[in-house]
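Try each task before reading its solution.

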Amino acid sequence: MKIDTLSQLDEVVSGESEFIPLMSQEEEDKMMNEAFPEVMPLLPVRNVVLFPGVIIPISAGRDKSIKLLQEAQKSDKIIAVVAQKKEDADDPKIEELHCIGTVGRILKLLKMPDGSSMVIIQGVRRFYLNQIVEEEPFLKAKITLLTDKKRIPSGQKESFSALLESLRDTAIKTIHENPSIPSEASFALKNIEGTTLLINFIASNLDLNVTDKQTLLEIDNLYERASQTLKFLNMELQKIILKNSIQNKTNSDLNKQQREYFLHQQIKTIQEELGGVSHEAEEEDMRQMASKKKWSKAVNEHFERELVRLIRMNSQAPDYGIQRNYLELMLELPWDEFSKDDFDILHAEKILNKDHFGLEDVKERILEYLAVLKLKGNMKSPIICLYGPPGVGKTSLGKSVARALKRKYVRISLGGLHDESEIRGHRKTYIGAMPGRIIQSVKKAGTSNPVMVLDEIDKIGNSYQGDPSSALLEVLDPEQNNAFHDNFLEMEYDLSKVLFIATANNLSTIQPALLDRMEVIDISGYTVEEKIEIGAKFLIPKQLQEHGLSKKDLSLSRKDLEFVIQSYTRESGVRNLERKIAKIVRNTALQIARGIDYDKKISKAKIEEILGAPMPPDESEINKVAGVVTGLAWTQVGGDILFIESLLSKGEGKLTMTGNLGTVMKESATIALEYLKANYQKFHINPEKLEKSNVHIHVPEGATPKDGPSAGIAMLTSLVSSLTGKKVKSRWAMTGEITLRGKVLPVGGIKEKILAAKRAGITDVILCEENRKDIEKIKPEYIKGLQIHYATQMDEVVELAL
């Protein structure tokens, strides 16, 4: 309850001798049956409901209301009061008013300092609003007076008396439990004799909204009105008791907090005396920094809330440091701050060509992006995945792209990452929580549009701590990363302008959904000619600079560089080549430091002296025996050649396979043998040989694991060669999968395999017809000197090779 009527009246009529009497039952009955005119002035009121018999103050501010009160004060002081349905209606119509109101008698009218009027009014009788008959200068309405139904059935009289006593007792108890209600209210309740006044007085002072009070006023039956009033009163009493209980429990905690507050104030004073910086000064600095940020209204409001939370925190609490770090992160992040892109296409192309030789597909894609950005002015950054063997320049290409676009460059190494929190960050509830690497990298870059290299994306692990590759799905999706959610930041951050460049050596280990979000660009290995160009134009000048030498101190001809490449490196990239060049340069630096005269031109003999004996050439053999075939393989470091050997011995047609072969490769050998048993006539094979000979297939370099279907046609050709005694043509190699029907199927890694064949001195290569499209993508200079043959059936392969 909020029984403030008595205190308000006391303030309003203070200094007056007029007394507001409490009515007896006879006076109440007389008032409830008082007659009034059919047409009366109508006063619409907000936020208040007038009950019969109850005296309340009403504030009137509208011109019509003030005129009405002044006119009524001069005449009979009788007006009709009705509650509005909508508070914001300044000139309410009849449909915006409740249909039931109360006729009231003005007891006192006061003018307030702000120009409004305060009227003390007592409710007399309820009425029904029929229609509004006048609107100017104030509302007048035609009403019908209503009478409360006081007749109580004989069987409910005792129940009604008990209901009234319960209502009075509960109201008095509520007054005692609520310290905000004046104690005089309980005396007033005890002295109310009239039944209707008691019910109306309690209903009027309940802590209810206008709708609920209006519902009580509209109930004709006093018994039902009393029951509903008691129901609301009991609910209010329970809330007050619960509130008091909570306050009593928290008093001890508040006293402890107050003690800590005073102690911290003393510590603060001591720190200021010693010349320390107060927390208030730091908080003010944060607010000043926030005013200079370019963030949105929502981010600003969130920052203000978190700053207020920090101010209210105890500086010695564990969460204080986390909250402070959180706010500092928000201030350090480059919200809507972007570096200006350089739209000079020719300049960008020059930088890309200067830093990297070849890689035309990647360069073309970057230049296309820059061109669209120049024309449109705004574009979602592409998600590029550079796929290829180690040492071909995937990671360093990201730095060149950043230079070409004049953007900031950041790199995240994902190799071995197994915790999802490294991507999304930790929640602030944990001690030592921090944002994920994505947000940290953006903060480090200082702009919201850096070039971000996600290195070794194929080597992400997973554990019980989550799957980081799944967390990257949001980061690398152009439709989602404009609202990236970091657990620590707890705010959406726009990553759509970040140019992501991922690098990978093996696509098979990347989650399919993640791979689908990236634009894969295949970067194959380099040819010997390309390695010579890279070594002469990039690696040698780089190593001379890193070792403090100049071009005058050392000279390595292209012919000698080719000797180093072919005799000391066997790779798709140039990483090992760079190490060999560095070793040659270091040897020269040592000669200069010792003051020894040396030959500045590095000869072949000098190279062998520095690097040691050259590796044996990885070349195809000249077949002197039947059953030996050169196959082509793909490895993570590029292409390679391998030899398939088969041998017959007396036995019962058993098949033995050695050479550390995988399951798929063993299946290929089994398919090849079974196909020959079923089609021996096509290849002119003696069936007795197949039945009375054991077949042994071996792939040399047994310490190296081998697997995959691409050696299928090589195995079948080797078996046909052994069974027919015909030798395979020298300098021929092949790769392709076979089926039980003798069909040749396409395989992958064609470019790497072709480069390996060329390095090994192969002259002819047999491929599946469907691999023709892969050959057409390779530059003509890469396959110069190679004759490519295509086949769809195994008999075509055997006819070509034998």
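A residue counts as buried under 20% relative accessible area, as exposed over 50%, and as partly exposed in between. Keep in mind that this is a predicted model.

**Exercise 1.** Find Ser296 and decide how accessible Ser296 is.

Solution. Start with the location: Ser296 sits in the loop between helix H9 (279-291) and helix H10 (297-312). Next, take its relative accessible area, which is 36%. That value lies between the two cut-offs, so Ser296 is partly exposed.

**Exercise 2.** Work out how helices H12 and H14 are arranged relative to each other.

Solution. First, look at the axes of H12 (residues 345-355) and H14 (residues 394-405): they come within 8 Å and cross at roughly 155°. Angles over 145 degrees count as roughly antiparallel, so H12 and H14 are roughly antiparallel to each other. The crossing is right-handed. Then list the residues in contact: H12 brings His347, Ala348, Ile351, Leu352 and Asp355, while H14 brings Ser400, Val401, Arg403 and Ala404.

**Exercise 3.** Describe the largest nonpolar core.

Solution. Count its members: there are 51 residues, and Ile457 and Leu489 have the most contacts inside this core. Helix H11 (residues 318-332) supplies the largest share, seven residues. Now zoom in on Leu489: beyond its neighbours within four places in sequence, its contacts include Tyr326, Leu329, Met330 and Trp335. Finally, look for another core apart from this one: that core has 49 residues, including Leu352 and Tyr526.

Definitions and conventions: Residues are numbered from 1 along each chain as its sequence is written. This is a predicted model: local features need pLDDT of at least 70, side-chain atom pairs count only at pLDDT 80 or more; totals for chains, interfaces and linings use all residues. Side-chain values use heavy atoms; hydrogens and water are left out. Axes are lines fitted to C-alpha atoms, for helices over the stretch in contact, and angles run from 0 to 180 degrees between N-to-C directions. Helices (H or I, at least four residues) and strands (E, at least two) are DSSP runs, numbered from the N terminus. Angles under 35 degrees count as roughly parallel, over 145 as roughly antiparallel, 65 to 115 as roughly perpendicular and the rest as oblique. A crossing is left-handed if the near helix is turned anticlockwise from the far one by less than a right angle, and right-handed if clockwise. Contact means heavy atoms within 4.5 Å. A nonpolar core is a set of buried Ala, Val, Leu, Ile, Met, Phe, Trp, Tyr and Cys residues joined through side-chain atoms within 4.5 Å. Buried means under 20% relative accessible area, exposed over 50%, partly exposed in between (1.4 Å probe, protein chains only).
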